[in-house]
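Hi everyone, thanks for coming. Let me walk you through a structure that may be new to you.

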Amino acid sequence: MSSELDADDDAVATDGMGFEPTVTERQLKDAERIAEALVFASAQPVSEAFIAERVAKGVDIAAVMAKLKGIYAERGVNLIQVGGNWAFRTAGDLSFVIRMDEKEPKKLSRAALEVLAIIAYHQPVTRAEIEEIRGVQTSRGTLDVLMEAGWVRFRGRRRTPGRPVTMGTTVDFLDHFGLEELRDLPGLDELKGAGLLSGRIPSNFGIPLPSMSDELTEDEDPITQLDLEELGLLAPSGDEPQD
């Protein structure tokens, strides 16, 4: 009888009816420590699925991360969600301390900022659609700058004549601008309040709601290796390196 009561606290409790095992307090504590370590050690935001593979079965990862987020809320670093994944970032009110000794980052041109904003709000969007919205041609160099920064990516190819490439933003874009997800992009009232829109804009003017998913839409095809070669992102598969 006593051996049943003195079960190891590492053991997983069950209800004796064949249902999923419950998680012990110790396993939950271990899961919190493992999640914390994984996010801390990763150079990129970490997914909940990645964490779930490394902790006891049955642990509610979303609840674990929510608890850790609360713990770090008042610290010098905060645990935040970036595109649905988790990362540690310097608390917003302390960022000036970290950047005091850093070189001033290269600022984007007005054209690049306009193109980035259009891609963010209108994605998935093609180059022709960007030019139609801006009313001017968009140089390849402007798109190259945004892609080199890691904020814009090719999504797919539109199922229309010419099969133009569609573009969208990346997780790095969310991370850099402190957004958890695309719905956190400023709306019309916020843009007006920041003085970024004129008070005499048309009455029917609106800010589009960007796509909330990275999944391809019904009118997009995935990009293949041949597409990447055509776009100059890969060497032709038939080209062998010369000795």
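**A first look at the chain**

The chain has an accessible surface of about 16,300 Å², and carbon and sulfur atoms hold 53% of that. Such areas come from the Shrake-Rupley method with a 1.4 Å probe, and for residues only the protein chains shown count as cover.

Please keep in mind that this is a predicted model: local features need pLDDT of at least 70, side-chain atom pairs count only at pLDDT 80 or more, and totals for chains, interfaces and linings use all residues. Residues are numbered from 1 along each chain as its sequence is written, and side-chain values use heavy atoms, with hydrogens and water left out.

In the chain we find 11 helices and six strands; these are DSSP runs numbered from the N terminus, with helices (H or I) of at least four residues and strands (E) of at least two. Of the 243 residues, 28% are buried.

Now, Thr-166 sits in strand 5, residues 165-169. Is Thr-166 buried or exposed? Its relative accessibility is 0%, so Thr-166 counts as buried; the cut-offs are under 20% for buried, over 50% for exposed and partly exposed in between, with a 1.4 Å probe and protein chains only. Beyond four places in sequence, Thr-166 touches residues including Pro-124, Phe-154 and Glu-220, where contact means heavy atoms within 4.5 Å.

Next, Ile-223 is in the loop between strand 6 (220-222) and helix 11 (225-230). Ile-223 counts as partly exposed because its relative accessibility is 22%. Among its contacts beyond four places in sequence are Phe-154 and Val-165.
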